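Grab a pencil and keep the viewer open. Each exercise below gives you a task, followed by a solution you can check step by step.

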Amino acid sequence: GACIFGGLWTIGVLLEILALDYSSKVFWMKFQAGWHLPTVTATTCFVLQYAGLGRFLNPRIYLFLSIVPVLVAVIMATNDFHHLMWTGFPVNGHVSVSAGKLYWLIMGYGYLFSIFNVAVLVWFAVSAPGHRLPVAIILVSQVVTHIGFGVDKIYPYLIGPGESVLLVVGVMTVAYAIAFLRFHAIDPVASAREAILDQMSEGVYVLD
């Protein structure tokens, strides 16, 4: 899910860069902004699964987590009527935004998920020593990307849209790829064994 949402975010950035007129650039800027919260939310779900806490995720939780991203998408789509998200789109090299009343509140909501993700990963690293190296790689990417995202929002003309998505989606994607492929962060053997044991109704006694 996070890869799909991050991909749509990246497509929006590319189309914004390629757009020639102002209105098209604003449209694609809004389009990519709509995928920020879904990406963070899907990443949180993955982190919980990876840390062995997937039991807390169920259809009700997924529905609950989707409420705010959907509401934010509606607010963004109807922004021209109330300007709660953005009050304008100034240009200084590239299109930026002037924050509305809900802009920083929504940004803060996304960062709550980020802080939660870091806490879960730190807990997992402490409780599962065998996963510490890949978790450390993922943690570093989380910190770097969210600092970069925050800097881009506070100083909108410091980083261009292409550099911004590279810093956020690019860094995180590379970090997860290294953790998964190089250090086998997701072990299919362990996952299969856990799935089998969860479905067994009998007791198991193992002698080494």
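## Exercise 1: One side of a helix

The buried residues of α2 pack against α1 (2–18), α3, α4 (59–77) and β1 (86–88). Keep in mind that you're looking at a predicted model.

**Task.** Find out which residues of α2 are buried, and explain why they sit on the same side of α2.

**Solution.** 
- Step 1: Locate the helix. α2 covers residues 22–33, which makes 12 residues. From first C-alpha to last it reaches 17 Å, close to the expected 16 Å.
- Step 2: Pick out the buried residues, meaning those under 20% relative accessible area. In α2 they are V26, M29, Q32 and A33.
- Step 3: Look around the axis. These residues cover an arc of only 130 degrees, so they end up on the same side of α2.

## Exercise 2: A charged pair

**Task.** By the salt-bridge rule, how many salt bridges are there, and which side chains meet?

**Solution.** 
- Step 1: Recall the idea. Side chains of opposite charge can pair when their charged atoms come close.
- Step 2: Apply the cut-off, which is a nitrogen within 4 Å of a carboxyl oxygen. The count comes to one salt bridge.
- Step 3: Name the partners. K30 and D80 meet at 3.6 Å, N to O.

## Exercise 3: Into the core

**Task.** Which residues have the most contacts inside the largest nonpolar core, and which elements give two or more residues to this core?

**Solution.** 
- Step 1: Start from the general picture. In soluble globular proteins, nonpolar side chains tend to be buried together.
- Step 2: Read off the main core. It has 21 residues, and Y50, V120, L121, F124, V135 and I138 have the most contacts inside it.
- Step 3: Find the contributing elements. Two or more residues come from each of α3 (36–50), α6 (103–127), α7 (132–154) and α8 (161–182).
- Step 4: Zoom in on one member. Leaving aside neighbours within four places in sequence, V135 is in contact with Y50, L121, F124 and A125.
- Step 5: A second, separate core has 20 residues, including A33, V95, V165 and V168.

## Exercise 4: A helix and its cover

**Task.** What covers the buried residues of α6?

**Solution.** 
- Step 1: Check the length. The 25 residues of α6 should span 36 Å, and the end C-alpha atoms are 37 Å apart, which agrees.
- Step 2: List some buried residues. Among them are Y103, G110, F113, N117 and A125.
- Step 3: Find the cover. It includes α3, α4, β1, β2 (98–99) and α7.
- Step 4: Look at T41, which lies in helix α3. T41 touches L65, P69 and F113, not counting residues up to four places away in sequence. At 8% relative accessibility, T41 counts as buried.

Methods. Residues are numbered from 1 along each chain as its sequence is written. This is a predicted model: local features need pLDDT of at least 70, side-chain atom pairs count only at pLDDT 80 or more; totals for chains, interfaces and linings use all residues. Side-chain values use heavy atoms; hydrogens and water are left out. A nonpolar core is a set of buried Ala, Val, Leu, Ile, Met, Phe, Trp, Tyr and Cys residues joined through side-chain atoms within 4.5 Å. Buried means under 20% relative accessible area, exposed over 50%, partly exposed in between (1.4 Å probe, protein chains only). Helices (H or I, at least four residues) and strands (E, at least two) are DSSP runs, numbered from the N terminus. Contact means heavy atoms within 4.5 Å. The expected span of a helix is 1.5 Å times one less than its number of residues. The arc is that of the directions from the helix axis to the C-beta atoms.
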